[in-house]
Amino acid sequence: MSEQSQSTQIQNAPSASEDCSYRHLYVVIEHDDGKPVPVSLEMLGEARRQMDIFNAKYSSNEKVVAVVLGNNVRNLCEEMIYYGADAVIYAASPELQYSRNLVDTKVISKIARNADLTRNFSPEYADSFKKPRYMFFAADSIGRHLSSTVMAELESGLASDINKLVISDLDIRHEHKTKGQTIRYEKTLEMYRPDFSGFLWTTILCLDNRNPVAPKEFHPQSCSIIPGVFEPLGRDTSRKGSIVDYTPEFGEHDLAVKVLGRQVIKSVVDFESHKAVISFGRGIKESPEENIKLVAELADELDAAVGISLPISKKPYPVSEATSSTYMIPDRVIGTSGRKVAPMLYIAVGISGAVQHIVGMKESGFVIAINPDEEAPIRGECDMFIKGRMEEVVPLLVQELKKQRPAMQVSNR
Amino acid sequence: MIGMRSLNVAVIVKLEPDFSEGNVSYNADGTLNRAETKSILGPHSAIASLAAFYSKVRYGARITVGTMGPPIADAALQQAQMLCDADELHLYSDRLFAGADTLATAETLKAGISKMQGGIEGMDLVFSGHRASDGETGQTGPQTAWKLGFPFLGNVIDYNLDLERRTIRAKRLISLQGFYDIVEEIEAPLPAFVSVDPSYQPNFNTVSQRLALGRYRKEAAERSSNYKQYLKVFNAQQMGVDPKLVGLPGSPTIVYKVEKIPKAKASRKSEVIDGANPEHIRLAAAKIHEILSGAVVK
């Protein structure tokens, strides 16, 4: 009896305060001098879908808020509204032209804690606003670190490299969070991340400690999102929203890191100007050196660029220095951690088709997979599945392509 | 370097499953077989150790390597010492630390760094790897930096120090998805926290640097064969951590469930052909020529 009443108490007290202190979904936008990085639009699209469901389900009126830091990028703020934001909080300063972790973290954290900024687009919740309910960042070389430091500053939880999100009410029983009791956590963001193997999906939750021994609120619930997995909305200039200006103030230490120079580097590997891309993965492992040569021959025959799957860039197999430095390099990686390609023809040799790789090639025109395993996920991502070991299939194919070479001229319409 | 305060450098490392071919073992369902896969110093931790070693060869840094983990994690410290000739090895080990997410781990590591020579005030430069191969979040480094109050410099591919001005000048590699890569040159005052890009490679250009390199490498080999002599083990109490901020209580996040990724709905309907059948290969080749000549519009 007493146990039951205690559990009810635990359940109600923090969740009541939680519900009026934490509102909205903030999306931290990345751009290069006003040009949005694609993942920014993808995050906005997903945020819009999530909050539309959320507001309908919970009869509330919480907003998708884009957070933009930059210098002279007001046009970008308008674009954010066209792509799904209800409101944009815009911090403008020459100091914010390029992303710098230290000063950006300070500015974003201050914005996240500022209730007044929300008054313009959400007066009904502004008085009790403490922090955002949810926050999205990009899982790329800027957002990964920025999300970490912002969440260290806001003292809340962060899941990285997310490719699926669900908001739901969950009954949680946890050794520490609930001290073994079952407690309902409402409006919880289930954050799914594919693990290193590409086979497992781990769901991460950011939950308040409702353990009476050490209660603590953890908001915002936040994550970094894998580029290329969520669909952006179509650009709709009839969408309306408000742009709220925020004037950042800097302490001396905030500006301690100076950018002395920036140099854009052209990729060594040119995927764009080839009609075909041929990628290889761990299927080369039985005789890596020879198999890479086979791939190179096929690429030569088709004037194709050569790509690899992520595991290959970690140089898991012994090969000659020349082969390693030519082919097993990060620049060739296609997928989440690398480049995105969309050639007319994509040939995946010895690639199983982990989701991380598919992200990088799914826009290709015609996809051929060469693989001995018909159960491999790549089977569902290709138009033609050549069943067989690459050692046997590739030489036959090269031979046949050479034989048929003249036919190319006539088939052009 | 005479008359100047010595340079205190820390490296944060992690013991991880060895994912290299031949050493890693997978279960039938494709998941990692942890029992059969041995653990080693993580590859990114190794690169961080090499970056720290550069500061020893070039600037005579005093290096402490720290790790949070169970007692067997001292193997990672030994391997790191081999790479960077560490003067001291720290193992932060306590059951209170178990179940920590990145934020709670960062709290422990901050407390660990406070136990290093000179404490946090005396620390000049902290290195961490880009990300762990098993967790792969890449969050622990920057969160530790933030808790220390040090500027965080990520994706560093090259660095040099100005000991007189006590600054670091570094190049970092930023990849803007969908656009291009940028090499950015930055300068920050010490102390600073550096996470090292996987492509980092130290360069030793002068004869005196190469001589120092040989000397320190020899010393590193000797030291790491007696690594226990350099090892200090700390528990939570000795580190003075607040139990509410580490381990499970200090972790905002939990792992709610782990499941096999359901096979994605096929996004294309594939025609399966037999790679051993010459007639099939002939058709495949014809199809390829057809596509590349522009005769097929999908």
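Trainee: How many helices and strands does the secondary structure of chain B come to?

Mentor: This is a predicted model, in which local features need pLDDT of at least 70, side-chain atom pairs count only at pLDDT 80 or more, and totals for chains, interfaces and linings use all residues. Residues are numbered from 1 along each chain as its sequence is written, while chains are lettered from A and ligands numbered from 1 in the order in which they are written. Helices (H or I, at least four residues) and strands (E, at least two) are DSSP runs, numbered from the N terminus. Chain B comes to eight helices and 13 strands.

Trainee: What percentage of the residues in chain B is buried?

Mentor: A residue is buried if 20 or more other C-beta atoms, placed from the backbone, lie within 10 Å of its own. Among the 298 residues of chain B, the buried share is 49%.

Trainee: Which element gives the largest share of the side of chain B that touches chain A?

Mentor: Two residues are in contact if their C-beta atoms, placed from the backbone, lie within 7 Å, and the contact takes 94 residues from chain A and 82 residues from chain B. Elements giving two or more residues to chain B's side include strand S12 (253–260) and helix H8 (278–292). The largest share, twelve residues, comes from H8(B).

Trainee: Which residue in S12(B) is the bridge partner of Thr203(A)?

Mentor: Two strands pair if DSSP finds at least two bridges between them. Strand S10 (residues 200–206) of chain A pairs with S12(B) in the antiparallel sense, over seven bridges. Within S12(B), the partner of Thr203(A) is Lys257(B).

Key: Buried ≥ 20, exposed ≤ 12 C-beta atoms within 10 Å, placed from the backbone.
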